[in-house]
Amino acid sequence: MALAGILLIPLMILLYRILGGESPDPLKEIYTYTGLGALALLFGTLALTPLSRYSSLKLISYRRFLGLFSFFYATLHFGAYLILDLSLEWSALWNQAVQKPFVLLGFFGWMILAGLALTSIPKLWKRFQRGHIVIYLALWLGAIHYFMAQKVAQSPHYFVLFLALLLTLLKAIRLSSRLKRLSNKL
């Protein structure tokens with residue numbers, strides 16, 4: 001699968017930079033590459049629906065695949081934090097969450113993605129498909145986690161929040177038109 005190879009490129013670059021000694025701050029790069037990878041793929045996952053709907057591109061079949069890769073990068077991000085910062089001490093996670101609330105937001109976002117990944121298994125998909133709307137909550141938790149993790153907010157950090165708002169508004173408009181159609185049928 002060529003798409004999987006493409007989606008692994010950021011991870012390969014990260015490994016090359018760290019193992020090759022080209023990274024001045026390997027820990028920061030691990031968090032940056034994995035966190036931004038997860039967030040970018042989450043945005044991509046949600047952008048496929050409006051792109052497919054409002055263009056001639058038929059990309060909707062890639063949505064689940066991108067979503068699972070988003071979870072993969074989020075798991076690498078959370079795993080790196082748990083191993084490298086917390087030394088696998090789950091109790092330290094609560095202490096960090098109290099000191100840095102963005103840690104708690106990121107953890108909740110990861111938990112939602114874990115649930116979505118689990119219910120993406122074909123046998124569970126039909127039962128839980130409608131519940132996958134919580135991906136928008138994961139998107140907001142991830143976007144706010146990213147924004148709050150910055151020491152100084154700059155334009156790109158605000159742009160992430162803007163994109164989250166845009167994708168959420170597009171979904172709200174779509175849901176609103178569905179509700180309107182349903183009420184007209186009654």
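Predicted model: local features only at pLDDT ≥ 70, side-chain atom pairs only at ≥ 80, totals over all residues.

Visitor: How many helices and strands does the protein chain have?

Guide: Helices (H or I, at least four residues) and strands (E, at least two) are DSSP runs, numbered from the N terminus. Here the protein chain has 9 helices and 0 strands. The order from the N terminus is α-α-α-α-α-α-α-α-α.

Visitor: Why is the chain described as being as compact as a globular protein of its length?

Guide: The radius of gyration is taken over C-alpha atoms, and the globule rule is 2.2 Å times the number of residues to the power 0.38. For 186 residues the rule gives 16 Å, and the radius of gyration of the protein chain is 18 Å, close to that value, so the chain is as compact as a globular protein of that length. Along the principal axes, its C-alpha atoms fill a box of roughly 60 × 40 × 40 Å.

Visitor: What percentage of the residues count as buried?

Guide: Buried means under 20% relative accessible area, exposed over 50%, and partly exposed in between (1.4 Å probe, protein chains only). Of the 186 residues, 34% count as buried.

Visitor: What share of the contacts joins residues at least 24 apart?

Guide: A contact means heavy atoms within 4.5 Å. Among contacts between residues at least 6 apart in sequence, 61% join residues at least 24 apart.

Visitor: Which residues form the aromatic cluster?

Guide: Rings of Phe, Tyr and Trp (its six-membered ring) pair if their centres lie within 6.5 Å; planes under 30 degrees apart count as stacked, over 60 as edge-to-face and the rest as tilted. The structure holds 13 aromatic pairs. In one of them, the ring centres of phenylalanine 107 and tryptophan 110 are 6.2 Å apart and the planes are at 25°, so the pair is stacked. Both residues lie in helix α6 (residues 101-118), 3 residues apart, about one turn of the helix, and both are buried. The cluster is formed by Phe71, Phe78, Trp90, Phe107, Phe108 and Trp110.

Visitor: Which residues does serine 70 touch?

Guide: Serine 70 lies in helix α4 (residues 63-85) and counts as buried, at 0% relative accessibility. Not counting residues up to four places away in sequence, serine 70 touches Ala38, Leu41, Leu42 and Leu113. A second case is threonine 45 in helix α3 (residues 26-53), buried with a relative accessible area of 2%. With the same exclusion of residues up to four places away, threonine 45 touches Arg63, Leu66, Gly67 and Ile135.

Visitor: Is proline 122 buried or exposed?

Guide: Proline 122, found in helix α7 (residues 122-128), counts as exposed at 66% relative accessibility. Its C-alpha atom is separated by 40 Å from that of serine 155, 33 residues away along the chain.

Visitor: Where is leucine 88 found, and what is its phi?

Guide: Leucine 88 is found in the loop between α4 and α5. Its phi is near 60°, a positive value in a residue other than glycine, and its relative accessible area of 53% makes leucine 88 exposed. Serine 87 is also found in the loop between α4 and α5 (90-99), and its phi is near 50°, likewise positive in a residue other than glycine.

Notes
Residues numbered from 1 in each chain as written. Heavy atoms only, no water.
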